[in-house]
Every structure is written in C-alpha cells, then in structure tokens.
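Subject: Structure for your files

Hello,

Here is the structure I promised to pass on. My notes on what was found in it follow below.

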Amino acid sequence: MSKEITFKKLKNLLKNSYVPYSKFPVSCIVKMKNGQEIFGVNVENASYPAGICAERVALPQIFALGLNEKEIEKISIMTSSTGFGSPCGICRQFISEIIDNNVVIEMFNINKHLGDFKIDDFLPFQFSSEELK
Ligand SMILES: [Zn+2]
C-alpha cells in the first residue's frame, strides 16, 4: 500500500471519528502481513477520560479477530493536526506491549506523511513484561 493510498484511506477514515468535544479526529490503520486492514478512530465521551484513542480502538481488534500480533506489518496513524500530532503517552505504552521494534509506525498529519518510526522512537526505555520477572 503506497503512502498516497494510505494517506487517502486515513483521511477518509477521519470522518468516522466521534469527536464532539475536541473536534480533533484521529484515524489508525493496522495492516497485517496477509493484507488485512483493521481500522480505528478516536471515540470521545462526555466523561472525558472514558474516551478512547484511534490506536486503542484498532489494535485490540487483532485479538478479537483471532489474529496474531506477530502478523502486524505496520501501523499507520493520522491526526488532524497540521503539525506533528504523535501518539499520546497511553497509546505509546499500549502499542509497545503489542508490537516490537521491527514494526513500522507511519505517521501522517492532515496534510502529509511525516515519516516512518519505530516504537522505540516514541517510547524509549518502555515498561515491559521483562520488568515483571
Ligand atoms: Zn492515545
């Protein structure tokens, strides 16, 4: 999937966000190695902390669909920012549990592709299951 196609899909997906409070849509596509795409958008709530980010809408579906997280090819994220709207701290931790540093995280803002990153770029020294041993 080219960056241009991903950009269009993410931008179209922004329309599905439920953001009556922030008016700040975010979309996420998790692409599996078999080509399957899993979509997520942010969903807000009148009780603000009950809202959820696009990344944490998309990624859990892998498990619900019976897929293996090792089969994730890449994660593509678009915010409606004109700057660098990066994943929030909770999502960084959440993503770090599911993917390793080989998985590309493509970042887009409302206008363009911003770059390809790894989870270690966003969350170095991440807390992991290793800490619990
Ligand atoms: Zn988040």
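**Notes on the model**

Tyr48 counts as exposed, at 60% relative accessibility (exposed means over 50% relative accessible area, buried under 20%, and partly exposed in between, with a 1.4 Å probe and protein chains only). This is a predicted model, in which local features need pLDDT of at least 70 and side-chain atom pairs count only at pLDDT 80 or more, while totals for chains, interfaces and linings use all residues. Residues are numbered from 1 along each chain as its sequence is written, and side-chain values use heavy atoms, with hydrogens and water left out.

**The loop between strand 2 and helix 2**

Tyr48 belongs to the loop between strand 2 and helix 2 (helices, H or I with at least four residues, and strands, E with at least two, are DSSP runs numbered from the N terminus). Between Tyr48 and Ser22 there are 9.9 Å from C-alpha to C-alpha, and the two are 26 residues apart in sequence.

Tyr48 is also one of the residues under a UniProt "binding site" feature from an unreviewed entry, together with Asn42, Val43, Glu44, Asn45, Ala46 and Ser47. UniProt positions are given in the numbering used here, feature names are shortened, and annotations may be inferred rather than shown by experiment. Of these residues, Asn42, Val43, Glu44, Asn45 and Tyr48 are included in the lining of the largest pocket. On a 1 Å grid over the protein atoms alone, a pocket is an open set of points with protein on both sides within 12 Å along at least five of seven lines, whereas a cavity is a set of points where a 1.4 Å probe fits but cannot get out; lining residues have an atom within 4 Å of a point.

Asn45 sits in the loop between strand 2 (37–41) and helix 2 (54–58). Its relative accessible area is 32%, so Asn45 is partly exposed. Not counting residues up to four places away in sequence, Asn45 touches Tyr21, Ala50 and Gly51 (contact means heavy atoms within 4.5 Å). A polar atom of the Asn45 side chain lies 2.8 Å from the backbone nitrogen of Ser47. A polar contact is a pair of N or O atoms within 3.5 Å; within protein, one must be able to donate a hydrogen and the other to accept it, and residues adjacent in sequence count only if both atoms are side-chain atoms. Ser47 is in the loop between strand 2 and helix 2 as well, and it is partly exposed at 43% relative accessibility.

A UniProt "binding site" annotation, from an unreviewed entry, covers Cys53, Cys88 and Cys91. These residues span 39 residues in sequence, but no two of their C-alpha atoms are more than 8.5 Å apart, so they gather at one spot. Of them, Cys53 and Cys88 are included in the lining of the largest pocket.

Cys53 is placed in the loop between strand 2 and helix 2 and is partly exposed, with a relative accessible area of 22%. Neighbours within four places in sequence aside, Cys53 is in contact with Val41, Asn42, Cys88 and Cys91. Cys91 is part of helix 4 (residues 89–98) and is buried, at 0% relative accessibility. With neighbours within four places again left aside, the contacts of Cys91 are Cys53, Glu55 and Arg56.

Five strands make up an open sheet of mixed pairing, in the order 2-1-3-4-5 (two strands pair if DSSP finds at least two bridges between them). Strand 2 and strand 5 (113–117) are the edge strands, each pairing on one side only.

Strand 1 and strand 2 run antiparallel and are joined by five bridges; Cys28 stands opposite Gly40 in strand 2. Their hairpin has four residues between the strands, and Gly35 there takes a positive phi near 95°. Strand 4 (residues 104–108) pairs with strand 5 in the antiparallel sense over four bridges, and Phe108 stands opposite His113 in strand 5.

Which residue of strand 1 (residues 26–32) deserves a separate note? Ser27 is found there and is buried, with a relative accessible area of 0%. The Ser27 side chain reaches the backbone oxygen of Leu10 at 2.8 Å. Leaving aside neighbours within four places in sequence, Ser27 has contacts that include Leu10, Leu13, Gly40, Val41, Ala54 and Met78.

Regards
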